[in-house]
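I opened my notebook to look up how this chain is held together. These are my entries, in the order I made them.

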Amino acid sequence: MRRTTTWLLGLATAAGLTITLGSAAVAEQAVTAQAETGQPPVSAAAAVSPQPGTFVGKGFDTCTAPSQSAMNAWRTSSPYRAVGIYISGASRTCAQPNLTATWVTNQTANGWRLIPIELGYQAPCGTRAPKMSADPATARSQGRTAATSAANAATALGIGAGSTIYNDIEHYPTTTACRAAVLSFLSGWVEQLHTRGYLAGMYSSGSSGIRDVCLEYNNQSYLRLDQIWIAWWNGVADTDAGSYCSDAYYANHQRLHQYAGDVTETWGGVTMKIDRNYLDVSTAQQPPQQWSTTIDNATSGRFTASTNWSTSSYSGSRYGADYRFANPTPASDVAWYRADVPETGSYEVSVWYPADPGYNDQTPYLVATTSGNRSVSVNQRVNGGQWTSLGVFTLAAGDDNKVGVSRWTGGTGYVVADAVRITRR
């Protein structure tokens, strides 16, 4: 999706770019409505079937959504049956005069599959702007914001729940720190799109974003994408990623491959400059049904701790009326949070604690996973008064102790047990 010429133009004009119904103006109104109400915006159009849905075959993407006559000509004459459209994002470099809810309805009625694309935040180590934060926590928040904007834009266009939206992160010279920021951003993207009922995809260069995502495929610190779109211009119309991603990853109809780019083709007398893609995607990866529970240290029947754990309401950044604290000790004395998990699956575990310079800098949190207890160390001297993610873990169904705070630590200062949140992913 490299648009070298239009990219430079877009940097100068993006701030003043306006497009028609179902585009940036509608999306902005929808974002404002959600910010004020806390609820998803009302759809501006009747939703079409999930896009691109279940499909195997060729597609193309081009910077500006083509006119109706161009789409009709290519539908009759070309080998393509899917089209990528840029629905949102501050990095879009082309105006979208054709991209309306009516256009979407017409194309899907004619048998086209749509590939919705958000082109916004870029890697902090790259050359493109706007850049996501290099701080993983901030980047994750930006990913959630981007997902809200993209979901609102999709809804306004009539691209409804169950569809996949692909975040376009262009090539970047990856580093360990940059990878952490990008994957944290994508975790926020996945989290919020799932909340809105959409599937989460990513487009990126095989040698940067795709490689990074696949390197951390089994890292439970990050939420996993539903689909990947591999930019690897090897000229082969398949979904192979070569050395960039193992065939074992995203193997269940979860791939798109951009196998050629910046090519000019003419079909039905209409010429367009496009990128060529091959898709093998399915609606089998549906967003998980949302479930979340929050357990405070004062939640009746859900928190247990020995008498060594005292109660305090000293910090104003606590969750609820109070919290528990104890001195560290070289012995097992865990304060446990009990949760009734509906079914075995992937769950994100987040913790809340008040921060203080006198609290422990190596507080061990224990997560009771299906493969045994996993320990995650947290510095409780910083980042207090907010939800901090410990990662995504496989938890067993049932009503059991799921998360604990241990006093057995090499750190110094009080160990604090305040609140825990478990959310299905």
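**Entry 1: terms and ground rules.** A disulfide here is a pair of cysteine sulfur atoms within 2.5 Å. In general, it is a covalent bond between the sulfur atoms of two cysteines. The model is predicted, so I noted that local features need pLDDT of at least 70 and side-chain atom pairs count only at pLDDT 80 or more, while totals for chains, interfaces and linings use all residues. Residues are numbered from 1 along each chain as its sequence is written, and side-chain values use heavy atoms, with hydrogens and water left out.

**Entry 2: the pattern of the links.** I searched the whole structure and found three disulfides. I counted the bonded cysteines along the chain, and the pattern is 1-2, 3-4, 5-6.

**Entry 3: Cys63 and Cys94.** I looked up the sulfur atoms of Cys63 and Cys94, which form a disulfide and lie 1.9 Å apart. The link has 105° about the S-S bond and is right-handed. Which parts does this pair tie together? Cys63 is in the loop between β1 (55–61) and α3 (68–77), and Cys94 is in the loop between β2 (82–88) and α4 (101–109), so the pair joins parts 31 residues apart in sequence. Helices (H or I, at least four residues) and strands (E, at least two) are DSSP runs, numbered from the N terminus. I then checked the cover. Buried means under 20% relative accessible area, exposed over 50%, and partly exposed in between, with a 1.4 Å probe and protein chains only. Cys63 has 12% relative accessibility, so it counts as buried. Cys94 is buried too, at 10%.

**Entry 4: Cys125 and Cys178.** The sulfur atoms of this disulfide are 2.1 Å apart. I read a torsion of about -75° about the S-S bond, so the disulfide is left-handed. The pair links distant parts of the chain, 53 residues apart: Cys125 is in the loop between β3 (113–118) and α5 (136–157), and Cys178 is in helix α6. Is Cys125 buried or partly exposed? At 23% relative accessible area, Cys125 is partly exposed. Cys178 is at 3%, so it counts as buried.

**Entry 5: Cys214 and Cys245.** This disulfide has its sulfur atoms 2.0 Å apart. With -80° about the S-S bond, the link is left-handed. Cys214 is in helix α7 (residues 206–215) and Cys245 is in the loop between β6 (227–231) and β7 (254–267), so the pair ties together parts 31 residues apart in sequence. I noted that both cysteines are buried.

**Entry 6: the cores.** I turned to the nonpolar cores. Such a core is a set of buried Ala, Val, Leu, Ile, Met, Phe, Trp, Tyr and Cys residues joined through side-chain atoms within 4.5 Å. The largest has 59 residues, and those with the most contacts inside it include Phe60, Trp103 and Leu186. Helix α6 (residues 176–195) gives this core its largest share, nine residues. Apart from it lies another core of 29 residues, among them Phe303 and Val378. In soluble globular proteins, nonpolar side chains tend to be buried together.

**Entry 7: the whole chain.** I counted seven helices and 20 strands. Of the 425 residues, 52% count as buried. Contact means heavy atoms within 4.5 Å. Of the contacts with a separation of 6 or more, 79% are between residues 24 or more positions apart.
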